[in-house]
Amino acid sequence: MIEPFVDRSVAERILISIAAILLSIAVGFAIVLVSGRIAECSTAAWTMPVTGLGFCYDPFEVYVVLFNGALGYPFAVGEPGIFNPSWTPFNLSLGLTLSETTLLIFTGLSVAVAFRAGLFNIGTQGQLVVGALATALTVLALAPLLPAGPISGVVIVAVGTLAGAVGGGLWGAIPGALKAYADANEVITTIMLNFVAANVAYVLVLEVFRAEGSSVVATRYVPEYAQFSPWLFPDSSDFALLALLVGVGAIGGLYYLVEHTPFGYDLRTSGVQAAAAEYGGVNAKLTTVRAMTLSGALGGVGGAVWVLMSEGRWIESVPDLGFDGITVSILAGNNPLGVLPAAFLFGILKGGALEIGFRTDVPTELVGVLRGLIILFVAMPEFFRMAGRYAGLGSDGPGGPGTTGNDDGSEGADDGTDTKGTAGDGTGSAAAVDGGELDA
Amino acid sequence: MRNPLADVPVPLLDDLIDDEYVRSLVVGVVGTLGVLGLLGLLFPGSVAGDLAGIVFSTGTAASTARLAAPIVLAGLGGIFAEKSGVINIGLEGLLIISAFASVYIASVIGIGNAVLGVPAIWIGFLAGIVASTLLAGVFGVVCIEFKADQIIAGLAVWLIALGLAPFMSTVFFGGVNTPNLGASVGWRYSAVMVLVATVASWWTLNRTAFGKHLQASGENPKALDTVGVSVSRVRYAGVLLSGVLSGVGGSALALSIGQFVGSGETMVQGKGFIAIVAYLFGNYNPLGTLGAGVLFAGLDATQIRLQQLGYAIPDTLVQTIPYVVVIVVLALVGRTRIPAAAGDHYETEE
């Protein structure tokens, strides 16, 4: 199950990720167009050139608002000049985007580290829920014992984050141990444990830890000084630069751990070929438990940051950060270094969704569709290889028809005929670049 | 560990189920219900009496049938896909898309209208099946033709449906929840469909050549290829059948109340994942899947009624039981063995 992600070159992964993003944007474009035709509205938002057909939604505007809006409109649209003169980097929209990015770095790393050990951790969501609750309860218990102030704030944030890591780590260790010692499939157990975590945490807060007089199921707010404080960015953006820096530090640390330490070696070898790793002296069972614990701990830290940076308390409506972490990790090719751009892209999608809601009539659920499409396309590298071969052979794209390997071409000729041809046309240029560079 | 329930002689069951594990499951459930009924008769005023009254009431049977339909039907679909060698973790997505499509088409035609003599609600039902089968077809192409990772593609199917259904609902109806159709499909239809599908699935899997091909495609595709049967074709059939069955389940779910609810996790609320649980719990046996699905749905239905009688059990905890059961079963008892070649691509050698 995991091999396709391990034995592929970095350049190819990056190309496939970019092609997947472009293709899902193209499909999303078509969806907006079709639904804009079906929906009812009094005035058309966009009229198709030549045909004169009116559409309720403007597919160009959607993407402009999505990407430009997520950054706080740095680019001027419809006005002279390329850049918006009044733009500053410390605006609300970019803050929201970076806030999502920060959270997704942790959940993305969580999924990625498990992947490298050959484990598919779908349970990051549950680990995040448990970690977040552990953080909230620890901080609420600790805060009255220390004098209010910035110094105890630092202590509380550190201890709270550690509590999140421990909570998430223990929750992640369960499927790890079940996999290692009872041979229970981690995909199934982590999905189940997500539901268990969500339900048990909900009941615990509902029955025991609920804030008095709260209309929603939530704990009390942690004190203001015991949260990550928002430097430079507006308070309402729920973004703390410090948390992002911690996230970037975690990326570097994890990269070093996976690539340059004995533990990382155990992790990677048991991910590629467990039996061979065992033969080479790696304790595969223990490595499995450790990898899942580490993965869970990262998810738990994500939960801690969610509580201490975004929400200020544990609340029942936990966002799908764990599931988005899967997308981030897959898009990043399960490489810790790739998690940063992938998390930023998803931060943009999340932040841009809010702007779509403000500025256009297009339902913000579009972003959810794009998320699914990106995963789908990243999961099928073979499609892009076929499309690349097909485009490299059949058109005079940048790769050039004759220069690319002919053995690939002949293979592509007999299976690159029907469905791939039509789908491939959507990203003709991307696919052609793809094919060209792959063969080079 | 010797399983004591495996030795209880039950003549009819022995013919239908050759699997010791599923057999003991069935005997266990029937036994528990029997003890509960007996206790209820002996002590009518107690908790056991109330519980027995609930478990054996028609109201509970009705809501069990309604809740079990998506679980059992998607579970049966999951068996076909996984037996053929394609792990379909996107059952949840198939349920979501069919639930929405059925309500959407029924409302487009208009309740009360009919096309070719077929009432709108049943056209909607068919539309749900078509939508689910199409999405399953996409999943099949992605997995079989483009050799995608099945788990990731399955997740994508779920996430696409989770985004697309509320998106479309907002486009057409102005909100993630559709208005109520004002008509619904009765629970008896759901119950009949579940039973028919279970028996038909059992027959197909155990008594037909296609069933043997499915088995071989998941266990030893090379052998199947050697005797001249196309592995891809069998796998496409398995995946499409999972789409058809999940479509029936999703349509039955939405049309049994006449509305699609798209907020949060949508009205499907993890039933597709419970379906996976149900067929694993039933060890890939349709009858076991039926039993597990009815058990989980029955727990939920009983819990709802218990709340109404004033027993303060947090409903969320009761809903957690199936998940915990599965983890325990996977870890201790069942160790359900997935088909040997499930999750792997098969390259035809020519």
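1. Helices here are DSSP runs of H or I with at least four residues, strands are runs of E with at least two, and both are numbered from the N terminus. L195(B) is partly exposed because 13 other C-beta atoms lie within 10 Å. (A residue is buried if 20 or more other C-beta atoms lie within 10 Å of its own, exposed if 12 or fewer, and partly exposed in between, with C-beta atoms placed from the backbone.) The C-alpha atom of L195(B) is separated by 9.4 Å from that of V72(B), although these residues are 123 apart along the chain.

2. A word on how to read the model. This is a predicted model, in which local features need pLDDT of at least 70, side-chain atom pairs count only at pLDDT 80 or more, and totals for chains, interfaces and linings use all residues. Residues are numbered from 1 along each chain as its sequence is written, while chains are lettered from A and ligands numbered from 1 in the order in which they are written.

3. Next, confidence. The predictor gives the complex an ipTM of 0.82 and a pTM of 0.81. For chain B the mean pLDDT (the predictor's confidence in each residue, from 0 to 100) is 82, and 84% of the residues of chain B reach 70 or more. Please take care at residues 1–6 of chain B, where pLDDT stays under 50 and the model has eight contacts beyond four places in sequence. Residues 10–14 of chain B also have pLDDT below 50, with three contacts beyond near neighbours in sequence. Where pLDDT is low, the predicted coordinates should not be read in detail.

4. Now to where the chains meet. Two residues are in contact if their C-beta atoms, placed from the backbone, lie within 7 Å. By that rule, 42 residues of chain A are in contact with 39 residues of chain B. On the chain B side, α6 (120–145), α7 (150–173), α12 (271–281) and α14 (315–333) each supply at least two residues. Which helix gives the largest share of that side? It is α7(B), with 15 residues. The side of chain B that touches chain A has 29 nonpolar, seven polar and three charged residues. (Ala, Val, Leu, Ile, Met, Phe, Trp, Tyr, Cys and Pro count as nonpolar, Asp, Glu, Lys and Arg as charged, and the others, Gly among them, as polar.)

5. Is P363(A) buried or exposed? P363(A) is buried, because 26 other C-beta atoms lie within 10 Å. Leaving aside residues up to four places away in sequence, P363(A) touches F167(B), T170(B) and V171(B).

6. Staying with chain B, α12(B) is mostly covered, with 11 of its 11 residues buried. Among them are K271(B), G272(B) and F273(B). Just after α12(B), N283(B) takes a positive phi of about 50°.

7. Chain A as a whole has 18 helices and two strands. Of its 440 residues, 56% count as buried. Among contacts in chain A between residues at least 6 apart in sequence, 75% join residues at least 24 apart.

8. One helix pair in chain A deserves a look. Helix α6 (residues 150–182) and helix α7 (residues 186–209) of chain A pack at an angle of about 150°, with their axes 10 Å apart. (Axes are lines fitted to C-alpha atoms, for helices over the stretch in contact, and angles run from 0 to 180 degrees between N-to-C directions.) That angle makes α6(A) roughly antiparallel to α7(A). (Angles under 35 degrees count as roughly parallel, over 145 as roughly antiparallel, 65 to 115 as roughly perpendicular and the rest as oblique.) The residues in this contact include W171(A) and I174(A) of α6(A) and E186(A) and T189(A) of α7(A). By class, the contact of α6(A) with α7(A) has six nonpolar, two polar and two charged residues.
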